[in-house]
Amino acid sequence: MGITITGVTKKFGAYPAVKDINLEIPTGDFVALLGPSGSGKTTLLRLIAGLEGLDTGSIIFNGVDFSFKNVKERKVGFVFQHYALFKHMTIFENVAFGLKVRPRKLRPSRSEIKDKVLELLRLVQLEHLADRYPSQLSGGQRQRIALARALAVEPEVLLLDEPFGALDAKVRQELRHWLREIHRKLNITTVFVTHDQEEALEMADTVVVMNHGKIEQIGSPAEVYERPANAFVYSFLGRVNEFRGAALYNDVAIARDSAVEAVGYIRPHEIGLSRFSNGVGIPAEASHVNAVGSTVRVVLKRLDTEDYFEAELTSGNFRELGPFHKGDILYADFTNIVVFEAITDSEHSKEREKVTVGAFSAFT
Amino acid sequence: MIAREHVHLKSPGASRFALAPIKKWLLIGTALGFLGIFILIPLIAVFTEALKKGIELYFAAITEPDALSAIKLTLITAAIAVPLNTIFGVIAAWGIAKFNFKGKNILITLIDIPFAVSPVIAGLVFVLLYGSNGVLGPFIEANNLKIIFSVPGIVLATTFVTFPFVVRELIPIMQEQGTEEEQAAITLGASGWQMFFRVTLPNIKWGLLYGVILCNARAMGEFGAVSVVSGHIRGLTNTLPLHVEILYNEYNFTASFAVASLLALLALLTLVFKSFLEWKTKK
């Protein structure tokens, strides 16, 4: 089921949690709402579910206005961060709940319910736990049961609120693949909330980056990572070096415009390192070299401004360059730096435009 | 090396344990002694006094018409006050625990008032409100109603006094449980009532029962407030505690203690049931 969100605003008291959100989710899409805490991503998800009422705007499911329909009418499956399993019921009863509370006319027979529940438990690979209680399960198992329970009512939209937030790293990794797999099998429109950029980029078809109640960018994982729309998206997705002031003006040929403060970002792997100055490099002293695994991470100190930054290169490149050590002087090429108008918190609502992108000739 | 460390770790613990029995028995002894003097001996005294003149007199005392009527009135009062406070308690606890609104703390404080004020004052307030010289007196007389010095007054006073038990028991339980399970039920298509009976109620049932038991114990045993509004009319407006007092004042000690033993038995039964629930909840 496709979802169209137009001009949706929700305030808690005087505080606007989401502001004028416009978002189009096509049928069968797998969408991540990504943002730091307080960015309004969970509120947006709860608005879609109908667990919160919206102040203005509309939420349309497949052309039908659902803005003021209640949760029950929306046919959504909702998975909570802390599972919210019914503690006093067995796993079987938990999954069967949505079917058992249907009005008598629509309720499947006892044996149909049983078949359906066992089928779902097979889907989440926990059939053997049917008679246990939630307290006897691990976190990962509980979240899988919570998903099975949500799927039992055959929702047309599946909404997950930080589904893996309470789990440890290894289980989280497993469940990510598993959830993708479930989505591939059922092809149900899925929206999940996360603050973990890696999780969003790895799992979603579409990533919606949010900050301060507004959408900063919508795009495929590759789009938002490689072509971030603004400074916030750039700095939120992945590791990044930030340069301001003198350092920035040494790197790129931009006019010192006093009205607009500029900030430059470059990812560690986009910094070119060389042994000799070839006209575009800024001398820097290696202060820490970490050569563990397939990538080598180097922390360097610029000799011009004494700012620290991080560079990353493959172990192959590291060997080519000739292994260097702490204290060696290298030349760093910031050609790939991306410059944005700086974000100041007081004007975060102001539209941020990219000032300049691409290659700049730097001067030393 | 590791083994030696173990020994090291153990030795200070062992010396502490060597001292422990004395401290332990001192503490237990004090507690038991206190319990004996203030609770056990009086309780035994009630039963010995009640049975002193033989079992026949005992039964005669608790089966005479006035005693039976007092038992009946006590049961009626509890049968009205306890369900009222249970229903109100669930509603109030739900409102307080699961919603945020202005004046929530004031409401919680108001709920505690019956615990904070002396029951006698509670009784007097009802007399001032519903008595023939009270604020609502003319209205009550005009409609030929009777509240003070009759059963409705006793029920009102008892309800007032026992009103915080259920709410107080439920608020922390409901707060701890939060609203996620209920929201989950709603997203799965449950109606409000289905949510309440299938998710909310099962989660609070032991706490609720505990509150109801305490509420019931107090409803049957309440003396002060009831004493003020009842008028002590024998066979009509005497509850068990009031009946005990009347008999005692008439130097009818055996009968007085016999009826008191009934109340004591009731309290003991309640406590046994309560312990059973606690054991069951822990399981």
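Modeller: Two strands pair if DSSP finds at least two bridges between them, and the strands themselves (E, at least two residues), like the helices (H or I, at least four), are DSSP runs numbered from the N terminus. The model above is predicted, so local features need pLDDT of at least 70 and side-chain atom pairs count only at pLDDT 80 or more, whereas totals for chains, interfaces and linings use all residues. Residues are numbered from 1 along each chain as its sequence is written, chains are lettered from A and ligands numbered from 1 in the order in which they are written, and side-chain values use heavy atoms, with hydrogens and water left out.

Biologist: With pairing in mind, which residue in S8(A) is the bridge partner of Leu160(A)?

Modeller: The partner of Leu160(A) in S8(A) is Phe192(A). The two strands S7(A) and S8(A) run parallel and are joined by 5 bridges. Phe192(A) also stands opposite Ala32(A), and strand S3 (residues 30-34) of chain A pairs with strand S8 (residues 189-194) of chain A in the parallel sense, again over 5 bridges.

Biologist: How many residues of S8(A) are buried?

Modeller: Buried means under 20% relative accessible area, exposed means over 50%, and partly exposed lies in between, with a 1.4 Å probe and protein chains only. By that rule 6 of the 6 residues of S8(A) are buried. In a regular strand the side chains alternate between the two faces of the sheet. Here Thr189(A), Val191(A) and Val193(A) point one way from S8(A), while Thr190(A), Phe192(A) and Thr194(A) point the other way, and all are buried.

Biologist: What is the order of the other open sheet, the one that 4 strands form?

Modeller: That sheet of chain A has the order S2-S1-S4-S5, with antiparallel pairing. Strand S2 (15-25) and strand S5 (64-65) of chain A each have a single partner strand, so one side of each is left without a neighbour in the sheet. Between S2(A) and strand S1 (residues 3-12) of chain A there are 7 bridges in the antiparallel sense, and Phe12(A) has Tyr15(A) in S2(A) as its bridge partner. Helix H1 (residues 41-49) of chain A lies across S1, S2 and strand S4 (56-61) of chain A, running at about 120 degrees to S1(A).

Biologist: Turning to charges, how many salt bridges are counted over all chains?

Modeller: Side chains of opposite charge can pair when their charged atoms come close. A salt bridge is counted when a side-chain nitrogen of Lys or Arg is within 4 Å of a carboxyl oxygen of Asp or Glu, and the count over all chains is 21. One of them joins Glu162(A) and Lys41(A), at 3.8 Å from N to O. Those partners are 121 residues apart, Glu162(A) being in the loop between strand S7 (157-161) and helix H6 (169-186) of chain A and Lys41(A) in helix H1 of chain A. Glu162(A) is buried because its relative accessibility is 10%, and Lys41(A) is buried because its value is 4%.

Biologist: Which residue forms a salt bridge with Arg180(A)?

Modeller: The partner of Arg180(A) is Asp205(A), with the closest N and O atoms 3.3 Å apart. Arg180(A) lies in helix H6 of chain A and Asp205(A) in the loop between helix H7 (197-203) and strand S9 (206-211) of chain A, so the pair ties together parts that are 25 residues apart in sequence. Arg180(A), at 25% relative accessibility, counts as partly exposed, and so does Asp205(A), at 32%.

Biologist: In chain B, are Glu182(B) and Lys98(B) buried or exposed?

Modeller: Both Glu182(B) and Lys98(B) are buried, and they form a salt bridge whose closest N and O atoms are 2.8 Å apart. Because Glu182(B) lies in helix H9 (residues 180-187) of chain B and Lys98(B) in helix H3 (residues 65-98) of chain B, the pair ties together parts that are 84 residues apart in sequence.

Key:
Contact means heavy atoms within 4.5 Å. Axes are lines fitted to C-alpha atoms, for helices over the stretch in contact, and angles run from 0 to 180 degrees between N-to-C directions.
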